[in-house]
Amino acid sequence: MKHVIIGASAAGITAAKTIRINRKDDEIVMLSTDDAVYSRCLLHKYIGGERSLKEMAFVPDNFFEANKINWKRGVTVTGVDINSKKVLTTSGEESYDKLLIASGSVSSMPPIPGLKEAESVVTLRDLSDAIKIRQKAEKASSIVIIGTGLVGLDAAYGLVEMGKKPTIVDIGKTIMAASLDTRSAEWYQNEFEKAGCTFVMAASIKAIETSADSAVLTLGDGNTLKADLLIVAAGVKPSIGFLEGSGIKCKRGIVVDEHMATNVEGVYAAGDVTAISESWPAARTQGDTAALNMCGITTAYDMAADRKNSAHFFGIPSISVGKLNADDGETELVREDRSRYQKLVLKGEVPVGVIMLGDISRSGFWQYMIKHKVPVAAKNPWKTSFADSYSLDEKGMYKWA
Ligand SMILES: Cc1cc2nc3c(=O)[nH]c(=O)nc-3n(C[C@H](O)[C@H](O)[C@H](O)COP(=O)(O)OP(=O)(O)OC[C@H]3O[C@@H](n4cnc5c(N)ncnc54)[C@H](O)[C@@H]3O)c2cc1C
């Protein structure tokens with residue numbers, strides 16, 4: 001059996017390892033545009049000079065050799081022929097019995113003519129982007145970042161570490177709106193401001209004009225911002241361009257069932273490319289699930305399992321799971337002091353969301369409670385422990401509530 005995997009990152013690497021564990025003698029070929037294995041979550045540390053490429057790797061040097069994986073690096077897939085079961089690449093064809101598409105995401109670029117091609121404009125997705133940002137930032141006296149999601153703030157953090165003071169623009173009112181509530185967002189925003197960053201929030205961008213060495217943004221209120229370096233961190237979209245006309249069904253991302261199988265027999269997808277989640281842990285779990293199914297070990301992916309966001313800026317860790325704010329009929333329980341901010345969102349006595357910033361201890365516990373809909377202790381919900389939820393099943397065995 002020959003397994004071909006497109007992509008050598010969180011989903012692809014995890015899948016390759018799982019296949020090798022379960023199928024000692026199967027052939028595994030990996031194809032990737034990336035010519036190094038690195039964690040995208042650490043690119044800001046590379047920009048800031050805190051980590052070398054070697055220190056961003058998440059597999060040992062001998063991973064491919066030790067697992068008998070034929071990794072064809074620096075090879076881009078241009079199409080998939082599902083009838084002849086072949087993958088078409090920039091350096092020829094590769095036949096497969098089972099195919100995993102783990103091609104991740106690409107950065108979105110606002111549809112402004114000339115923006116994508118402009119020398120002064122970069123995104124942050126790949127190592128090559130981080131290298132470009134570092135090189136250009138060294139010479140830049142004004143740096144603007146569009147977007148205050150995790151990627152925009154990662155870029156800002158890396159630049160701060162370089163001694164730069166970027167301006168960050170966002171249409172939203174609060175930073176990291178997908179993973180933090182207003183108060184926890186303020187905590188991080190204060191830290192970035194203390195480090196010299198300027199935020200321009202609730203700002204629409206009317207126009208961006210680019211020249212050889214700069215970009216000028218015109219905002220909705222008429223103000224302008226000039227940047228020697230403009231970093232666009234305005235979201236991502238699944239990397240599915242090469243699947244056009246292949247017969248593999250895509251909506252926003254590749255459509256998969258609970259086994260990570262596509263509509264085409266023998267073809268699976270995992271990671272950002274499925275658009276189910278845009279997180280590292282989810283990509284790994286999906287890669288693992290797809291690989292087990294490719295090996296004939298029927299396994300379902302638990303969509304609720306990975307709905308978690310985490311960040312770490314200026315020594316302050318944060319984690320959020322589930323809902324960030326209460327809707328009608330739900331309540332919020334907040335505790336805050338100088339070193340932490342924590343919030344529970346409760347539906348009745350059942351936690352449906354948690355935010356922990358500063359102190360993230362017991363976040364795994366709260367993730368479990370939310371996933372399994374276990375009610376909190378009525379007297380002091382923060383002090384709920386697993387012991388509160390023990391009960392006996394019909395055979396007299398302990399079980400979780
Ligand atoms: C700056 C940054 C910071 C992040 N921080 C966090 C974080 O703190 N926590 C978190 O959970 N997530 C974070 N993420 C998101 C996380 O990195 C992604 O969810 C994760 O990398 C997805 O893994 P993946 O394997 O699906 O795809 P990717 O990591 O995108 O990898 C895709 C792979 O496919 C290859 N590929 C793509 N197209 C082709 C093609 N046509 N032919 C051949 N190969 C191809 C690429 O070369 C690459 O090897 C961050 C992302 C970025 C960019």
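Let's start with Leu230: leaving aside neighbours within four places in sequence, Leu230 is in contact with Ser120, Val121, Val144 and Ala215, where contact means that two C-beta atoms, placed from the backbone, lie within 7 Å. Keep in mind that this is a predicted model, where local features need pLDDT of at least 70, side-chain atom pairs count only at pLDDT 80 or more, and totals for chains, interfaces and linings use all residues. Residues are numbered from 1 along each chain as its sequence is written.

**More on Leu230**

- Leu230 is found in strand β16 (residues 229–232); strands (E, at least two residues) and helices (H or I, at least four) are DSSP runs, numbered from the N terminus.
- Is Leu230 buried or exposed? Leu230 is buried, because 27 other C-beta atoms lie within 10 Å. The cut-offs are 20 or more other C-beta atoms within 10 Å for buried, 12 or fewer for exposed, and anything in between for partly exposed, with C-beta atoms placed from the backbone.
- Leu230 and Glu186 are 44 residues apart along the chain, and their C-alpha atoms are separated by 24 Å.

**Domains**

- The chain is divided into domain 1 (2–106 + 236–305), domain 2 (121–232) and domain 3 (315–400), with bounds that come from an automatic or database domain assignment.
- Domain 2 and domain 3 have C-alpha centres that lie 34 Å apart.
- Where these two domains meet, seven residues of domain 2 are in contact with nine residues of domain 3.
- On the domain 2 side that touches domain 3, you'll find two nonpolar, two polar and three charged residues. Here Ala, Val, Leu, Ile, Met, Phe, Trp, Tyr, Cys and Pro count as nonpolar, Asp, Glu, Lys and Arg as charged, and the others, Gly among them, as polar.

**Nonpolar cores**

- The largest nonpolar core has 56 residues, and Val144, Ile145, Ala155, Ala156 and Ile231 have the most contacts inside it. A nonpolar core is a set of buried Ala, Val, Leu, Ile, Met, Phe, Trp, Tyr and Cys residues joined through C-beta atoms within 7 Å.
- Helix α5 (residues 150–161) gives this core its largest share, eight residues.
- Not counting residues up to four places away in sequence, Ile145 touches Gly152, Ala155, Ala156, Pro166, Ile168, Ile231 and Ala233.

**Around the ligand**

- Which residues come nearest to the ligand? Of the 36 around it, they are Gly7, Ser9, Gly104, Gly271 and Ser279; to be near, a residue needs its C-beta atom, placed from the backbone, within 6 Å.
- α1, β2, α5 and α7 are the elements that give two or more residues to this shell.
- The shell divides into 17 nonpolar, 13 polar and six charged residues.
- Domain 1 and domain 2 each supply at least three residues of the shell.

**Two helices**

- Helix α1 (residues 10–22) has 13 residues, so at 1.5 Å a residue it should span 18 Å, and its end C-alpha atoms are 19 Å apart, which agrees. The expected span is 1.5 Å times one less than the number of residues.
- Among the buried residues of α1 are Ala10, Ala11, Gly12, Ile13 and Ile19.
- The cover over the buried residues of α1 includes β1 (2–6), β2 (27–32), β3 (69–73), β7 (98–101) and α7 (280–294).
- α7 has 15 residues and reaches 21 Å from its first C-alpha to its last, close to the 21 Å expected.
- α7 is mostly covered, with 13 of its 15 residues buried.

**Glu94**

- Glu94 lies in strand β6 (residues 92–95) and is buried, because 21 other C-beta atoms lie within 10 Å.
- Leaving out residues up to four places away in sequence, Glu94 touches Val4, Val29, Leu31, Lys86, Val87 and Thr89.

**Positive phi angles**

- Most residues other than glycine have a negative phi.
- Lys85 has a positive phi of about 55° although it is not a glycine, and it lies in the loop between β4 (77–81) and β5 (86–89).
- Phe314 also isn't glycine, and its phi is positive, near 50°; look for Phe314 in the loop between β19 (308–313) and β20 (316–322).
- Phe314 counts as partly exposed because it has 13 C-beta neighbours inside 10 Å.
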